[in-house]
Amino acid sequence: QHLAGLETGLGGPLFQRTARRMLPTEAGKRLYTQVADAIERLESVGAVANRRETPTAIRLGAPQEYFSECVLGRLHGRQGWRLEVNFALTGELVERLNEGQLDAVIATQKIERADLEHILLAVERFWLVGPPDTGDLPGSLGELERHARLFPLVAYGLELPIVRRFWRQVFGRRLDAVPELVLPDLRAIRFAVARGSGFSVLPDYLCRDWVDDRRLRLWLAPEPSVANEIWLTYRRSARYSAAIGALLALLQSD
């Protein structure tokens, strides 16, 4: 119907119709020459508009606390792409990365696999912190260790991997305490300690501002530090992808 209407408006046939196909007439060829460039420009405009309306999606896995404290404030710098964030522990996120459900993971441990690559993003250092009103602190490590045991322990889980590592490295002994309050969110632990629920071991990026504002009391920031590395982990095949380049530009920005 569109073609018939066009031929009526132009005053002649644009195609010779046969039983098997349609062949352009001379008038049809002239019309094509006149409109082809305009049609190509129109199609390119539509493609650009679609890209702008549907930005590239980058699927990122991350620990909730690190993302909220250290990454969220940088998101205003992203352009032309959409970020979809998934929160979970590193092991689960790396499995989802291997299954193609994520493009990259901010990982708190470097999981060595032949098909993965890692770029160091940051180093978190762990501090021993307590409530702001705990009075004078002992001067020696041994006295401080005994002082800490007078308070309830607030921890992420019953396994205490970071707390036990901190105790071994700093105090030279095994911590056999059982946490009296278990909160699977480091920010909740920070708040609980600040409100007087006990002491804990937390990463410096969570504690620094709260210590400066005297909402937390820094009991010990040991030297050498008890540290952990934060990595951007992605599939080796995506090394040169636009998604990884965009994420690195965002995560390594000041």
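**Exercise 1. What covers the buried residues of α4?**

Start with the ground rules. This is a predicted model, where local features need pLDDT of at least 70 and side-chain atom pairs count only at pLDDT 80 or more, while totals for chains, interfaces and linings use all residues. Residues are numbered from 1 along each chain as its sequence is written, and side-chain values use heavy atoms, with hydrogens and water left out.

Step 1: find the helix. α4 spans residues 90-98; helices here are DSSP runs of H or I with at least four residues, strands are runs of E with at least two, and both are numbered from the N terminus.

Step 2: pick out its buried residues. They are Thr-90, Leu-93, Val-94 and Leu-97, where buried means under 20% relative accessible area, exposed over 50% and partly exposed in between (1.4 Å probe, protein chains only).

Step 3: look down the axis of α4. The buried residues fall within an arc of 100°, so they line one face of the helix; the arc is taken from the directions from the helix axis to the C-beta atoms.

Step 4: see what sits over them. The cover includes β3, β4, β5, β6 and β11 (227-235), with contact meaning heavy atoms within 4.5 Å.

**Exercise 2. Work out how β3 is joined to β4 and β5.**

Step 1: take β3 (residues 56-62) and β4 (residues 81-87). They run parallel and share seven bridges; strands pair if DSSP finds at least two bridges between them. Ala-57, for instance, stands opposite Arg-82 in β4.

Step 2: turn to β5 (residues 104-107). Two bridges tie β5 to β3, again running parallel, and Gly-61 has Val-105 as its bridge partner in β5.

**Exercise 3. Find the face of α5 that its buried residues line.**

Step 1: go to residues 141-148. Leu-144, Glu-145, His-147 and Ala-148 are the buried ones in α5.

Step 2: check the arc. Down the axis of α5 these residues fall within 160°, so they line one face of the helix.

Step 3: name the neighbours. The buried residues of α5 pack against β6 (116-130), α6 (161-171) and β10 (217-220).

**Exercise 4. Is Gly-245 buried, exposed or partly exposed?**

Step 1: locate the residue. Gly-245 belongs to helix α9 (residues 242-251).

Step 2: read off the accessibility. Gly-245 has a relative accessibility of 40%, so it counts as partly exposed.

Step 3: Arg-235 is 10 residues away along the chain, and its C-alpha atom lies 13 Å from that of Gly-245.
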